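Please look over the model shown here before reading on. The briefing after it is arranged by topic.

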Amino acid sequence: MTIVREDFGVHKGQKVDIYSIENSNGLKARVITYGARLVEMHTPGRDGTFADVVLGFDTLEAYEATDTFFGATCGHYGNRIKDGTFELDGATVRLSRNEGENHLHGGVAGFDKVVWAAYADERENSVTFTHVVADGCEGYPGNLVVKAKYTLLDDDRLLIEMSGFTDRPTILNMVHHSYWNVAGHANGPVTAQVLTVDADFYTPVDEDLLATGEVRSVAGTPFDFRSEKAIGADIDNIPSVGVGHLVGGGYDHNWVLRDFGPGLRSVATLRDPASGRGFTLRSTEPGVQIYTGGYLTERVIGKGDRPYQTYSGLTFETQKFPGSPNFSHFPSSRLNPGEVYNHLMEFQFFADR
């Protein structure tokens, strides 16, 4: 298929491009070099009507100004690190702090806030973004080369592959941060959409949404999505979170996925009963942060000048567990020279009948 490149603006003197990737069934992904972001994903419903199912903006300026991380590739470390510090080989590493006293999604100028190089491969129907990170950026040790590759296949799978290597011991936990609404990005809250999550346990958080180090069963809690359930069914019964410097509600938690080991494993299925649109997600990572957009408000004006609102979309950030550099019993995010970090997500889109 032909991959179309167009101009999308200029960021700090660097040209930003947008690439359109389409498959033989008419599904279309659009990605931009600023933040290696997915900014559109068009999929059909049961009646054949296509809708764009990721939240986003129409302009580069809106992406530059936002703190939502819409569609971004986040790193070095996706999720939160308490006090922006951790120990590595006996030394204290001090990171930038961009959420109160804590470090979130790579810091003040993480991977989401830079222009990546891009290479389109029409044979694979893919676009690969690359970025070189200097030693000490946001406080992280090591020069780093990272990639984020988007491939749209004719069997209606979207593959997102993140990879990296370093010249010094460091940590790396890249996450993809699209907000999904399979009814269509501007179709209101996702609370009536139904979700299954292939996890028996989750990791609780404190009032600042920081992992406590605990691992608890989902049984008998609002976090039990082992059987298909409306997202809004128990959303008002979630223990209060974010009552410190944050204000909001809903889910913003990490689930511990089953059967962690080499290769892809099932993560979740999201389905909109009204339109029939949905997807299943598989990943190579041990956890998934599901965030239901509790901090979105109508001040966030999305594509087509449509205001978003609380619970307008939800993220599936497959990952190591939050705060893992400070919890030895959590999966390690350490990356050594000579090793390659690989993180694959596979979205299989469908329309139920």
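What follows covers the fold, the surface and charges, and the cysteines.

This is a predicted model, in which local features need pLDDT of at least 70 and side-chain atom pairs count only at pLDDT 80 or more, while totals for chains, interfaces and linings use all residues. Residues are numbered from 1 along each chain as its sequence is written, and side-chain values use heavy atoms, with hydrogens and water left out.

**Fold**
- The protein chain holds one helix and 28 strands, these being DSSP runs (helices H or I, at least four residues; strands E, at least two).
- Its radius of gyration, taken over C-alpha atoms, is 19 Å, close to the 20 Å that the globule rule gives for 353 residues, so the chain is as compact as a globular protein of that length; the rule is 2.2 Å times the number of residues to the power 0.38.
- Of the contacts in the protein chain with a separation of 6 or more, 66% join residues 24 or more positions apart, where contact means heavy atoms within 4.5 Å.

**Surface and burial**
- Buried residues make up 58% of the 353 residues (buried means under 20% relative accessible area, exposed over 50%, partly exposed in between, with a 1.4 Å probe and protein chains only).

**Charges**
- The mean positions of the 31 positive charges (Lys and Arg) and 47 negative charges (Asp and Glu) are 2 Å apart, with each charge placed at NZ of Lys, CZ of Arg, CG of Asp or CD of Glu, and with His and the chain ends not counted.

**Cysteines**
- The disulfide count is zero, a disulfide being a pair of cysteine sulfur atoms within 2.5 Å.
- Cys 74 is in no disulfide, and the nearest cysteine sulfur, that of Cys 137, is 14 Å away.
- Cys 74 is buried, with a relative accessible area of 0%, whereas Cys 137 is partly exposed, at 28%.
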